[in-house]
Amino acid sequence: MFQTDLDQSGRWLSIHYSGHVDAAQVDACLERVRQLLDGVQPGLRVLTDLTGLELMDASCAAGVGMIMDLLVEKQVASVFRVIPHPQKDIGLSLMSHFHYGREVRIVTYENLAEALQNLTT
C-alpha cells in the first residue's frame, strides 16, 4: 500500500509505503506522483517513509526507478528518507546513485519525527 501527498505550497511531496507492496501498487504510485507534480516548480523536497513497510516485491524496482527519474526531471532538490531498519532499505541507497546522481541531496533518518523536524528547518 502507498499514500502520497503534495503539501499546499507545492514545495514537498511525501510518499509512504506500508504493508506488502507489489509492482501494481508502485505503478499506481508513479501515476499519482505524475499527477501531483504537474506544474510543480523546481526545488521540490521529497519525504519517503518506509516505517510501515513489511515487504516490497523485487518487481517494484523498475517502478521505483521511474519515480526517481520523474523527480529528477522535475528538478527535485532533496530527498529525506525514513528507513527505520537497514533491511527495509529495499535497494533505495543503491538505486539513488543511478537515478539521482550527485545533484540531489539525500538524507536518511531512522524515524519519521526526526525527518519531519529537519524538513521544516
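Guide: Let's start with E31, which is partly exposed at 39% relative accessibility; that label covers everything between buried (under 20% relative accessible area) and exposed (over 50%), using a 1.4 Å probe and protein chains only. What you see is a predicted model, where local features need pLDDT of at least 70 and side-chain atom pairs count only at pLDDT 80 or more, while totals for chains, interfaces and linings use all residues. Residues are numbered from 1 along each chain as its sequence is written, and side-chain values use heavy atoms, with hydrogens and water left out.

Now find R34, also partly exposed, with a relative accessibility of 39%. Its side chain and that of E31 form a salt bridge, at 2.5 Å from N to O. The term asks for a side-chain nitrogen of Lys or Arg within 4 Å of a carboxyl oxygen of Asp or Glu. Why can E31 and R34 be described as about one helical turn apart? Because they sit 3 residues apart in helix α1, which covers residues 23-37. Helices here are DSSP runs of H or I with at least four residues, strands are runs of E with at least two, and both are numbered from the N terminus.

A search of the whole structure finds 1 cavity of 30 Å³ or more: a set of points on a 1 Å grid over the protein atoms alone where a 1.4 Å probe fits but cannot get out. The largest cavity has a volume of about 130 Å³, counted as the space filled by probe spheres set on the points, which are joined across faces, edges and corners. Its lining has 13 residues, and T48, V64, M68, L92 and Y100 lie nearest the centre; a lining residue has an atom within 4 Å of a point. Two or more lining residues come from each of β2 (12-21), β3 (45-56), α2 (61-73) and β4 (78-82). Helix α2 gives the largest share, 4 residues.

Two strands pair if DSSP finds at least two bridges between them; β4 and β5 have 5, in the parallel sense. To finish, look for F80, whose bridge partner in β5 is V107.

Terms used: On a 1 Å grid over the protein atoms alone, a cavity is a set of points where a 1.4 Å probe fits but cannot get out, and a pocket is an open set with protein on both sides within 12 Å along at least five of seven lines; lining residues have an atom within 4 Å of a point.
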